[in-house]
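Have a look at it first, then we'll go topic by topic.

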Amino acid sequence: MTDLLLYITWNPSIEVFSLGPFSIRWYSLCWLIGLALAYIMVKWLYKHQKIADEKFDPLFLYCFIGILAGARLGHCIFYEPGHFLTSWQGFIEMLLPIDIKADGSWEITGYQGLASHGGTLGIILALLLYVKHMKVPMWQVLDNIGIATGITACCIRLGNLMNSEIVGKITDESLPWAFYFVQHDGPQNVVLRHPGQLYEAIAYALLFLLMVVLYKKWPQKVGTGFYFGLCLAYIFTFRFFVEYFKEVQESFEQGMLFDMGQLLSLPFIAIGVWYVVKGLHFQNDK
């Protein structure tokens, strides 16, 4: 038997701390940190672009509700429609962060199941409502959110890592950074996997750094759709290819040429590339 010399045993607690029935989970904390960092970044962008503070103040609430509602509905509709859309129990669990037991009792579990594609649609719709209400130029808002999105996406995937969910496919000891997800595969046998969540987190952190560099070089491109398009094209192109290193999330995806995550990524990639090209063309006319 080959000795496993290089791998990472991953078995963190899903909770940061608990006080009686109240607990804070790493996943929730990562979400909040990601949103807070994006909040700080967009506030700086608004100030740099001399947009009035009162125009910025409602933005966080629109984004928070849009992301959460979109991500939850996206998961329920795209990945588990058989459970959430076929009974009143499932419908209630889709809307409320609870688990209803067979005997009618229930417990608060948080929203277990959020989809990034749904979250993207949700925040776009929320931003359109924000733009209409606050009378701010639409493409300026979308570009600013695009610049900040990478840091939030990074934190969300780190939350998935702390939850030992959305794990990668099985690999072997030749991959020195392979992870053994104890909570996912159990303590009986060592199973080595690609850390797909970490791949995405690193990629999205690099996207954020790229956006900051590009904004410092081309601040005049805010309002053209360039940064919005680059955000979509980058994230969902990477998402398409990283799926080859991740386990499918639902059984119905087994045997599919492209899994659900890849299929849902294609229209976002196309839209993103369109607006990148459009933004570059606009710059050339300046």
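How many aromatic pairs does the count come to? It comes to 22 aromatic pairs. Keep in mind as you read that this is a predicted model. We'll start with the rings, then move on to cysteines, a pocket and a couple of distances.

**Aromatic rings**

- W88 and F91 both belong to helix α5, which covers residues 88–95, and being three residues apart puts about one helical turn between them.
- Is W88 buried or exposed? W88 counts as exposed, because its relative accessibility is 69%, and the exposed class begins over 50%.
- F91 has a relative accessible area of 35%, so it's partly exposed.
- Now for F228 and Y275: with ring centres 6.0 Å apart and planes at 70 degrees, they make an edge-to-face pair too.
- This pair ties together distant parts of the chain, as F228 sits in helix α10 (residues 226–242) and Y275 in helix α11 (residues 260–284), 47 residues apart.
- F228 and Y275 are both buried.
- Which residues do ring pairs link into a cluster? They are Y39, Y46, F56, F60 and F64.

**Cysteines**

- How many disulfides does the count come to? The answer is zero disulfides.
- Why is C30 in no disulfide? The nearest cysteine sulfur to C30 belongs to C155 and is 6.4 Å away, while a disulfide needs the two sulfur atoms to be within 2.5 Å.
- C30 counts as buried, because its relative accessibility is 12% and buried means under 20%.
- C63 is in no disulfide either, and its nearest cysteine sulfur, on C231, is 12 Å away.
- With a relative accessible area of 8%, C63 is buried.

**The second largest pocket**

- The second largest pocket holds about 190 Å³ of space.
- Its lining is made up of 14 residues, and the closest to the pocket's centre are K169, E243, V248, M256 and D259.
- What classes of residue make up the lining of this pocket? Sorted by class, there are six charged, five nonpolar and three polar residues.

**Along the chain and through space**

- L210 is part of helix α9, which spans residues 196–217.
- L210 is partly exposed, as its relative accessibility is 34%.
- Pair L210 with D53 and you get 157 residues of separation in sequence, with 26 Å in space from C-alpha to C-alpha.
- Where does N163 lie? You'll find N163 in the loop between α7 (138–162) and β6 (179–181).
- N163 has a relative accessible area of 18%, so it's buried.
- N163 and L142 are 21 residues apart along the chain, and 30 Å separates their C-alpha atoms.

Terms used
Residues numbered from 1 in each chain as written. Predicted model: local features only at pLDDT ≥ 70, side-chain atom pairs only at ≥ 80, totals over all residues. Heavy atoms only, no water. Phe/Tyr/Trp six-rings, centres within 6.5 Å; stacked < 30°, edge-to-face > 60°. Helix = DSSP H or I, 4+ residues; strand = E, 2+ residues; numbered from the N terminus. Buried < 20%, exposed > 50% of the residue type's maximum accessible area, 1.4 Å probe, protein only. 1 Å grid on protein atoms, 1.4 Å probe; cavity = no way out; pocket = protein on both sides within 12 Å on 5 of 7 lines; lining within 4 Å. Points joined across faces, edges and corners; volume = space filled by probe spheres on them. Nonpolar A, V, L, I, M, F, W, Y, C, P; charged D, E, K, R; others polar.
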